[in-house]
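Let's take a look at how side chains meet in a protein model. Here are the sequence and the structure to explore.

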Amino acid sequence: MKIRRLQQSIKHERRHVKLDLVVALTLLILFILSCIMVYSASMIGNKYGTFTSSVPVDANYFLIRQAIWAALSYVAFLIFSVVVPFEIFRSKNLLKYGQFIILGLLLIPFALPSINGARSWIRLGMFSFQPSTLAQLFIIIYMAFILETRKTKLRQVLTSSELINIFGIPLFLTAVIFAQNDTGMVLITLSVVGIMALCSNMNFKNIRKIITLALLASVMLIGILFITGLFSGGSYRTNRIKVFLNPFSENLSAAADQVINSYIAFGNGGLVGRGLGNSIQKLGYLPEAHTDFILAIIAEELGLIGVLFVILLLCILVGKAVFAGTKSKNTFGAMYAIGFATLLSVQTVINIGGVTASIPMTGVPLPFVSNGGSSLLILSIGLGIVTNILAHVKSLREDRQNL
């Protein structure tokens, strides 16, 4: 009955004709640009197996894969924008069973070999999937559900145990991501949880307790890392910090290759770039040129203007999500939109920071641009939910105008 009422509500609001064309067009441009730059960054290296474990592949190998995922992702975006109502994610049963599915997916990588120092990927033949990206979207939905259903209680001063009981699931899933040794994902997830809590109408004393608990937990986890030796010697995370502090150190030549060659790419690009397809650093000098460091290739080929254009497109999507969050009268919708805006903006900042060595590298892809199917698909679904909220906001505004 509840689903039938939702369908009737959507039909009344006519969300299918209220698709935000700015969001849809911006995402389409990002996908087209992504396919072009992934092809440009990988077409030469593919002939020598640079990105495929020394196995030569066709020049358009990654282009075809990226184009297929981009097409599937755009269809998913449209479905969740105009067909699937965002209210359906407020289902208690969906979240109840979803948490066990997400936890199961997060535990699988622990039984698999680590990749770049982290155990966060599931690889099945040619298919690879990072479950923490799906976990982030689930955490946003779960947090939005909590902040809506417990908003009256959260306005009161609660004990630490009560707060842990309320926010236990999102924090526990974040801890599992931390155990995967994926620092970038942890930073993004904690930022999402923190910003959503700050933007809610929660009692400030509760927020202060949550921050205190988070700091204590962080200290304990860091202590565990020291004890287990993950920060000692030449660990992957330690090398990234050392590279950030001094990328030109002689003892870090291999670990610093990405940062140094990224510097060179930005320097070569200048204002307008060397021209599409004319990057030098993609010729085996810059590892992960088509994934985490694709912005460096954009900088070298399209210059500062190209970089600013990509950032502008991402800012439009973030701005639209913030607008949906501030204008929605539905608490769940508002909190979800703010959470997704935080996810998108923090992930973008961390990627840009790592590529430019403004912060230590974390292996976070550039949203909607870097090569990667699971990231494209999940972010597109998340953006589709935001667009559905925008259609709901537009419908409410039209109803008020017709009164």
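What follows is a quick tour of charged pairs, aromatic rings and a surface patch.

This is a predicted model, where local features need pLDDT of at least 70, side-chain atom pairs count only at pLDDT 80 or more, and totals for chains, interfaces and linings use all residues. Residues are numbered from 1 along each chain as its sequence is written, and side-chain values use heavy atoms, with hydrogens and water left out.

**Salt bridges**

- The count comes to three salt bridges, each being a side-chain nitrogen of Lys or Arg within 4 Å of a carboxyl oxygen of Asp or Glu.
- Lysine 320 and aspartate 20 meet in one of them, at 3.1 Å from N to O.
- Lysine 320 sits in helix α12 (residues 294-327) and aspartate 20 in the loop between α1 (2-13) and α2, so this pair ties together parts 300 residues apart in sequence. Helices here are DSSP runs (H or I, at least four residues), numbered from the N terminus.
- Aspartate 20 is buried at 14% relative accessible area, while lysine 320 is partly exposed at 23%. Buried means under 20% relative accessible area, exposed over 50%, and partly exposed in between (1.4 Å probe, protein chains only).
- Arginine 90 forms a salt bridge with glutamate 148, with the closest N and O atoms 2.9 Å apart.
- Lysine 282 pairs up with glutamate 301 in a salt bridge, the closest N and O atoms being 3.1 Å apart.
- Lysine 282 is buried, with a relative accessible area of 1%, and glutamate 301 is buried, also with 1%.

**Aromatic rings**

- A search of the whole structure turns up seven aromatic pairs. Rings of Phe, Tyr and Trp (its six-membered ring) pair if their centres lie within 6.5 Å; planes under 30 degrees apart count as stacked, over 60 as edge-to-face and the rest as tilted.
- Phenylalanine 31 and phenylalanine 368 make an edge-to-face pair, 6.1 Å centre to centre with 65° between the planes.
- Both phenylalanine 31 and phenylalanine 368 are buried.
- Ring pairs also link Phe31, Tyr74, Phe77 and Phe368 into a cluster.

**Surface patch**

- Lys92, Lys96, Arg150 and Lys153 form a positive surface patch. Such a patch takes residues with over 30% relative accessible area and no salt bridge, joining like charges within 9 Å.
- Lysine 92 belongs to helix α4 (residues 92-107) and is exposed, with a relative accessible area of 64%.

Notes. Patches are made of residues with over 30% relative accessible area and no salt bridge: like charges are joined within 9 Å, nonpolar side chains (Val, Leu, Ile, Met, Phe, Trp, Tyr) within 5 Å. Accessible areas come from the Shrake-Rupley method with a 1.4 Å probe; for residues, only the protein chains shown count as cover. Lys and Arg count as positive and Asp and Glu as negative; His and the chain ends are not counted. The place of a charge is taken as NZ of Lys, CZ of Arg, CG of Asp or CD of Glu. Helices (H or I, at least four residues) and strands (E, at least two) are DSSP runs, numbered from the N terminus.
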